[in-house]
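Welcome! Please take a look at the model below before reading on.

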Number of protein chains: 2
Amino acid sequence: MSELPVSPLAPKNFPSMSPVPGVEFGAIAAGLKYKGRPDLFMAVFPEGTAAAGVFTRSKMPAAPVDWSKAALATTGGRMRCLLVNAGNANAFTGAKGKKAAEKSAKIAADIVGCAQDEVLLASTGVIGELLNVNSFKKFLPRIHAGLSGALWKDAASAIATTDTFPKGCSKVADIAGRTVTITGIAKGSGMIAPDMATMLGFVFTNAPVTPACLQALLSEATEKSFNATTVDGDTSTNDTVYAFATGNGEDTIDDPNDPRLADFKRQFGDVMVNLAQQVVRDGEGATKFIEVTIEGAEDAAAAKRIALTVANSPLVKTAVAGEDANWGRVVMAVGRAGEAADRDKLQIWIGDQQVAMNGMVSSRYSEEDATAHMKTSEIKIRVDVGVGSGSATVWTCDLTHGYITINADYRS
Amino acid sequence: MSELPVSPLAPKNFPSMSPVPGVEFGAIAAGLKYKGRPDLFMAVFPEGTAAAGVFTRSKMPAAPVDWSKAALATTGGRMRCLLVNAGNANAFTGAKGKKAAEKSAKIAADIVGCAQDEVLLASTGVIGELLNVNSFKKFLPRIHAGLSGALWKDAASAIATTDTFPKGCSKVADIAGRTVTITGIAKGSGMIAPDMATMLGFVFTNAPVTPACLQALLSEATEKSFNATTVDGDTSTNDTVYAFATGNGEDTIDDPNDPRLADFKRQFGDVMVNLAQQVVRDGEGATKFIEVTIEGAEDAAAAKRIALTVANSPLVKTAVAGEDANWGRVVMAVGRAGEAADRDKLQIWIGDQQVAMNGMVSSRYSEEDATAHMKTSEIKIRVDVGVGSGSATVWTCDLTHGYITINADYRS
């Protein structure tokens with residue numbers, strides 16, 4: 001955790017988190033970068049556990065990303081172990097970084113008693129510094145000796161870097177009369193934090209699904225959660241979301257559209273959105289949480305691109321920081337997105353109030369009402385671009401002096 | 001002009017500006033928004049003057065943009081008048097805004113004695129407020145009565161909004177033994193300033209070129225000048241660059257690749273780059289001018305997209321503000337750009353020093369030397385992405401507390 005003050009948008013408490021049958025884990029202070037706090041995390045799963053991953057789209061992926069993509073392909077998505085370190089991203093570290101990733105997987109595999117390829121990795125921290133994994137030989141056996149299924153707050157803390165609070169969410173879902181658990185943790189503070197690359201999210205469940213089914217569910221949910229958030233538009237070399245499902249058995253479900261998964265998909269999606277929103281709520285310097293909804297676009301993809309353009313606009317974000325109901329900047333951002341939009345049918349709402357319609361300011365616009373909404377900490381901006389029925393919602397935070405202070409004034 | 005302190009990156013003086021044969025103009029304080037400074041500008045050209053325009057790519061173009069695109073098409077690029085107002089963008093003003101644009105062109109045409117379609121328009125200022133052009137009937141005759149070819153600083157001031165200094169540049173070129181003049185003015189401060197939408201650039205010359213030739217030259221030069229700069233990545237509803245060429249005659253050149261234009265193209269391009277760089281130097285809150293060069297990309301377009309991704313990255317821009325030689329953020333931004341790049345061949349220079357090679361930090365990297373460069377006000381970042389021979393250079397400024405102060409703390 002960072003020594004920065006806790007974000008004013010943080011939830012009051014770390015939530016109650018249910019254990020997931022089959023999932024055991026532990027964390028330890030390995031002193032990789034931080035002192036006196038856990039920074040090394042390992043989770044262990046039963047044989048046959050399904051795993052799925054969504055990775056950064058960066059063309060400069062970190063070594064653990066390369067490793068984990070290959071491992072998922074080799075094993076067909078059957079994993080036994082997840083190993084995560086905070087403080088060093090093992091990114092842009094060349095051939096030595098690749099070897100460090102391989103070696104860390106080997107050390108974990110030997111301790112867990114599985115194949116090297118059955119270990120997924122994630123790293124977060126400084127870019128460009130070599131990761132020394134020799135100490136893993138000392139610390140991973142200690143974690144393994146004390147595995148538990150309950151210490152989720154320690155787990156969420158061990159994967160954090162500049163985060164100001166640990167992030168977790170837990171729900172249950174019904175699959176054909178059977179109750180399953182979905183419990184996840186995440187880290188991130190700034191789409192990438194100062195030098196502390198990365199957004200990470202890990203969701204664990206005992207749902208009975210195959211790797212292919214889990215991958216489909218994870219990919220779809222990621223689009224509407226982690227990939228529907230932005231703090232500063234920057235993308236890390238290490239961004240990774242994993243899902244693990246321990247419920248492998250006779251009635252394992254392979255079809256992501258199986259009607260028995262309806263409730264599970266809803267709850268799984270909710271956990272993902274909740275975790276992603278917590279990352280935004282820990283955005284560097286954030287004082288306002290912003291929901292941007294675009295309606296009336298050509299399709300959902302166009303709506304999302306417009307929404308992200310609004311959400312990434314420095315001028316929209318600084319207007320929110322200044323509690324300024326500056327809808328002209330929203331017009332500008334919608335125009336800049338490059339997607340089809342009918343200027344003369346454009347409608348904009350700030351909070352519940354319609355501020356613009358038919359391509360100009362609404363005759364009923366009350367600056368006073370709009371400003372009252374802007375003074376709250378949960379800001380809603382909704383735009384109908386007037387060309388179709390595509391819609392999307394994304395989440396971001398405001399751009400404040402705090403962001404500049406964290407990223408410019410604190411030297412690395 | 002803004003009442004903000006003059007940018008520390010401003011040129012020491014407004015440059016010496018040559019008159020352009022045939023171009024007469026004037027400016028007046030019409031009180032559209034500002035008091036005690038010119039905010040209405042009109043230029044008048046001889047019959048047959050070639051004109052060309054490059055406009056915002058925004059899907060929410062302002063009324064004067066719609067008007068001017070149509071006028072250029074109707075006249076085939078033969079224009080007699082340019083009318084510009086500052087303080088009101090006439091953007092997102094619906095049918096009334098369209099009428100205001102038409103009416104302003106009509107008023108100017110009646111005074112100049114030309115067709116309405118021979119008047120080009122540009123507006124810059126607040127979005128969403130109706131532009132009242134009735135006062136133009138009073139002020140444009142006064143401008144017309146005092147037309148001159150010399151008062152360029154007044155002209156540059158009349159088109160400004162939150163700019164902290166007037167922007168001009170003037171050069172001569174040789175076309176087949178004949179010396180022609182190229183003189184331009186620009187405004188902009190922030191890709192769009194607080195509520196003051198817009199970047200504008202107007203370049204005047206007496207070169208003997210046809211409208212089609214001028215359009216080709218302008219489009220090409222804009223890509224390497226105004227479209228190769230960014231302050232905050234935002235795009236205005238009103239961005240416009242015009243070129244006017246009064247040298248219509250018997251030896252008028254139609255082919256933009258005519259060898260007689262070689263020197264003219266170079267000088268014209270230099271004027272455009274100089275003006276565009278002045279806009280960056282007036283970027284809101286800027287304390288450092290940043291040149292980003294990408295080499296080794298698939299092609300020039302890919303290189304430019306990577307360069308703009310680096311130049312728009314809040315994390316790169318805040319690192320420069322903090323005088324932090326944080327090349328890891330450059331790696332992140334290159335990776336995020338989505339263009340082909342070979343992580344393991346990537347090379348990065350900060351100033352003259354190579355800081356990274358072969359996908360990792362250079363063994364000769366001296367943080368001390370890199371930091372010394374970061375302490376200057378003219379920062380150079382160069383990256384070879386290792387896949388081809390495409391290259392591009394773009395310019396931006398750092399992201400500072402000043403930007404937040406201007407855009408969040410000053411209420412509109």
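Here is a short briefing on the fold, the core and the chain contact. This is a predicted model, in which local features need pLDDT of at least 70 and side-chain atom pairs count only at pLDDT 80 or more, while totals for chains, interfaces and linings use all residues. Residues are numbered from 1 along each chain as its sequence is written, and chains are lettered from A and ligands numbered from 1 in the order in which they are written.

**Chain A overall**
- Chain A has eleven helices and 15 strands, where helices (H or I, at least four residues) and strands (E, at least two) are DSSP runs numbered from the N terminus.
- Of its 412 residues, 63% count as buried, that is, with 20 or more other C-beta atoms, placed from the backbone, within 10 Å of their own.

**Nonpolar core**
- The largest core holds 292 residues; a nonpolar core is a set of buried Ala, Val, Leu, Ile, Met, Phe, Trp, Tyr and Cys residues joined through C-beta atoms within 7 Å.
- Met42(A), Cys81(A) and Val334(A) are among those with the most contacts inside it.
- Not counting residues up to four places away in sequence, Val334(A) touches residues including Ile306(A), Leu346(A) and Met60(B); contact means C-beta atoms, placed from the backbone, within 7 Å.

**Where the chains meet**
- Chain A and chain B each bring 49 residues to the contact.
- On the chain A side, α9(A) gives the most, with six residues.

Terms used: Buried ≥ 20, exposed ≤ 12 C-beta atoms within 10 Å, placed from the backbone. Contact = placed C-beta atoms within 7 Å.
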